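I set out to go through this structure region by region and to write down what I looked up. The entries follow in the order in which I made them.

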Amino acid sequence: MAANPRKILVTCALPYANGSIHLGHMLEHIQADVWVRYQRLRGNTTHFICADDAHGTPIMLKAQQMGVEPEAMIAGVQQEHQADFDGFDISFDNYHSTHSEENRELASFIYTQLRDKGYITSRTISQLFDPEKEMFLPDRFVKGECPKCHADDQYGDNCDNCGETYTPAELINPRSAVSGATPVMRDSESLFLRFATVRADA
């Protein structure tokens, strides 16, 4: 029994809601579960939570490939994830989803508090845009020729062949990994958190 019981909150990296649990996920969650059980045996109040990461371009694209609404795919994947974790007797106090009303409310609250105190700023940036899918492309959704070693079929942020890092705009002959179209540069308004001005009492 711990001399001074602690209150501990534990989580793991959130599995992405566009596919099955893999060995890396399961290894991390089992290790965390063992540590949580140890802390509970020591008398520490330990809350073990996790969730599916249910937002982002890969989920949207996977749902399109499957011909289903993203919400339906997210719900099905979450059931599969929970069944896998239950099969290994992982002792979550709560396993949820980022696509939940609770998360929306908390994220909105945090954002509006930061915005109202002046910690959110906006500026216009240029990004690659897929003219066929009519969407801005994250780095990993652009492929092309590495500007350093000229290896083809490399992602928009780094080269797997030589290890060089770069921006998607530096790729030679870039193409959208979504549609195969040649992307164009377009301006968009993006929001940024001013880390240097955020205080602990904010």
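I call a residue buried under 20% relative accessible area, exposed over 50%, and partly exposed in between, with a 1.4 Å probe and protein chains only. Helices (H or I, at least four residues) and strands (E, at least two) are DSSP runs, numbered from the N terminus. The model is a predicted one, in which local features need pLDDT of at least 70 and side-chain atom pairs count only at pLDDT 80 or more, whereas totals for chains, interfaces and linings use all residues. Residues are numbered from 1 along each chain as its sequence is written, and side-chain values use heavy atoms, with hydrogens and water left out.

**Entry 1: helices.** I looked up helix α2, residues 57–66, and found Thr-57, Ile-59, Leu-61 and Ala-63 to be buried. Taking contact as heavy atoms within 4.5 Å, I noted that the buried residues of α2 pack against α3 (70–87) and β5 (135–136). After α2 comes Gly-67, with a positive phi near 70°. I then turned to Asp-33, which lies in helix α1, residues 23–41. Asp-33 counts as buried because its relative accessible area is 6%. Apart from neighbours within four places in sequence, Asp-33 is in contact with Phe-48, Asp-89, Ile-90 and Ser-91.

**Entry 2: sheets.** I treat two strands as paired if DSSP finds at least two bridges between them. Strand β4 (residues 120–130) is joined to β9 by 10 bridges, and Thr-121 has Phe-192 in β9 as its bridge partner. I also looked up Leu-193 in β9 (residues 184–193), which is partly exposed, with a relative accessible area of 32%. Between Leu-193 and Gly-118 there are 75 residues in sequence but 9.3 Å in space, C-alpha to C-alpha.

Another open sheet of 3 strands has the order β7-β6-β8, again antiparallel. Its edge strands are β7 (154–155) and β8 (172–176), each of which pairs on one side only. Between β6 (residues 142–145) and β8 I found 3 bridges, and Lys-143 stands opposite Arg-175 in β8.

**Entry 3: aromatic rings.** Rings of Phe, Tyr and Trp (its six-membered ring) pair if their centres lie within 6.5 Å; planes under 30 degrees apart count as stacked, over 60 as edge-to-face and the rest as tilted. Over the whole structure there are 5 aromatic pairs. Phe-85 and Tyr-95 form a tilted pair, because their ring centres are 5.5 Å apart and their planes stand at 55°. This pair links distant parts of the chain, with Phe-85 in helix α3 and Tyr-95 in strand β3, 10 residues apart. Phe-85 is buried at a relative accessible area of 1%, and Tyr-95 is buried at 8%. Phe-129 and Phe-136 form an edge-to-face pair, 5.0 Å centre to centre with 75° between the planes. Of these two, Phe-129 counts as buried at 8% relative accessibility, whereas Phe-136 is partly exposed at 30%. Ring pairs also link Phe-48, Phe-85, Phe-92 and Tyr-95 into a cluster.
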